[in-house]
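Trainee: I would like to learn how to read a structure like this one. Could we go through it feature by feature?

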Amino acid sequence: MDSATNQFWDSFYQEREQVWSGKPNPVLVREAAGLAPGLALDLGCGEGADAIWLAGQGWRVTAVDISAVALRRAAAHAAERGVAGRIDWRQQDLSAWTPEESYDLVSAQFLHSPIELPRETILRTAAAAVVPGGTLLVVGHESFPPWSRHPEPEVPLPTAAELVRSLGLDDGTWRLEVVDSSSRDVTGPDGQQAVLADSVLRARRLTTDVRPRPGGPGRAEWTG
Ligand SMILES: C[S@@+](CC[C@H](N)C(=O)[O-])C[C@H]1O[C@@H](n2cnc3c(N)ncnc32)[C@H](O)[C@@H]1O
């Protein structure tokens, strides 16, 4: 892969031996801990801490990122933790990717980029790959950390409620389980302190259940 996006993210990861903390995102841990493990898709998996945590919980994970540097690190960490066999690391540009499979969990944790990233389109494509009864979990910044390289966004970053509308999750085929904003204390790379707000969206795709009705033909019911 040889695109400006790929080069940007490879250089970003090459600047430090380890960019992220190595710990799974706390909101993922909180929101996914109660789910029955199945097939999971991690969008923009970076150095792999979320995928490794999910694999440790019994999930089989497809973990996608554009950066080969990040994915090499992620695969090495997974091998150290003994979960390599449960994770399929894929180098893909998500802006030009449609999943071939369907997933019980699609997770996007801080899928943001200081350069061009069609985030909403990617999330809409990924939401279509959630199985009936499966979960879509999207956690994102509501504002960027003061030390980040993100340019001031032209339009404010979406809240979880705005994301529900823009992804069309309010069409009656999803149960909206968490549509929230949560704050957390963060420490920057040089020890700077800040309080950041994150948008948290967890939605479950409803299941269709065709049951024979007494005295009539079967009809579809929303159950999930
Ligand atoms: C802000 S980081 C978040 C990483 C990880 N999810 C986490 O929470 O630590 C965004 C990730 O998205 C990846 N990314 C950015 N644009 C991408 C694209 N077009 N296709 C695939 N991955 C992309 C980057 O390489 C980076 O690892």
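Mentor: Start with one residue, bearing in mind that the model is predicted. Buried means under 20% relative accessible area. Ala-51 has 0% relative accessibility, so Ala-51 counts as buried.

Trainee: Where is Ala-51 found?

Mentor: Ala-51 belongs to helix α3, which covers residues 49–56.

Trainee: Which residues is Ala-51 in contact with, leaving aside its neighbours within four places in sequence?

Mentor: With those neighbours set aside, the contacts of Ala-51 are Asp-42, Val-61, Ala-63, Ile-87 and Trp-89. Distance in sequence and distance in space can also be read side by side. Ala-51 and Val-83 are separated by 32 residues in sequence, and their C-alpha atoms are 9.5 Å apart.

Trainee: Does Thr-121 count as buried, partly exposed or exposed, and why?

Mentor: Partly exposed lies between under 20% for buried and over 50% for exposed. Thr-121 has 44% relative accessibility and therefore counts as partly exposed. Thr-121 sits in helix α5, residues 119–127. From Thr-121 to Leu-167 there are 46 residues in sequence and 8.4 Å in space, C-alpha to C-alpha.

Trainee: At what angle do helix α1 and helix α4 pack?

Mentor: For a helix pair, read the angle together with the distance between axes. Helix α1 (residues 4–14) and helix α4 (residues 68–80) pack at about 50°, and their axes are 7 Å apart. The two helices are therefore oblique to each other.

Trainee: Which residues in α1 and α4 meet?

Mentor: On the α1 side they are Asn-6, Asp-10, Tyr-13 and Gln-14; on the α4 side, Ala-68, Val-69, Ala-70 and Arg-73. Sorted by class, this contact has 4 nonpolar, 2 polar and 2 charged residues.

Trainee: How many helices and strands are there in the chain?

Mentor: The chain has 6 helices and 9 strands.

Trainee: And what of the chain as a whole?

Mentor: Compare its radius of gyration with the value for a globule. A compact globule of 224 residues would have a radius of gyration near 17 Å, and the chain has 18 Å, which agrees. The C-alpha trace spans about 70 × 40 × 30 Å along its principal axes. Of the 224 residues, 44% count as buried.

Trainee: What share of the contacts with a separation of 6 or more comes from residues 24 or more positions apart?

Mentor: Such residues account for 67% of those contacts.

Conventions:
Residues are numbered from 1 along each chain as its sequence is written. This is a predicted model: local features need pLDDT of at least 70, side-chain atom pairs count only at pLDDT 80 or more; totals for chains, interfaces and linings use all residues. Side-chain values use heavy atoms; hydrogens and water are left out. Axes are lines fitted to C-alpha atoms, for helices over the stretch in contact, and angles run from 0 to 180 degrees between N-to-C directions. Helices (H or I, at least four residues) and strands (E, at least two) are DSSP runs, numbered from the N terminus. Angles under 35 degrees count as roughly parallel, over 145 as roughly antiparallel, 65 to 115 as roughly perpendicular and the rest as oblique. Contact means heavy atoms within 4.5 Å. Ala, Val, Leu, Ile, Met, Phe, Trp, Tyr, Cys and Pro count as nonpolar, Asp, Glu, Lys and Arg as charged, and the others, Gly among them, as polar. The radius of gyration is taken over C-alpha atoms; the globule rule is 2.2 Å times the number of residues to the power 0.38. Buried means under 20% relative accessible area, exposed over 50%, partly exposed in between (1.4 Å probe, protein chains only).
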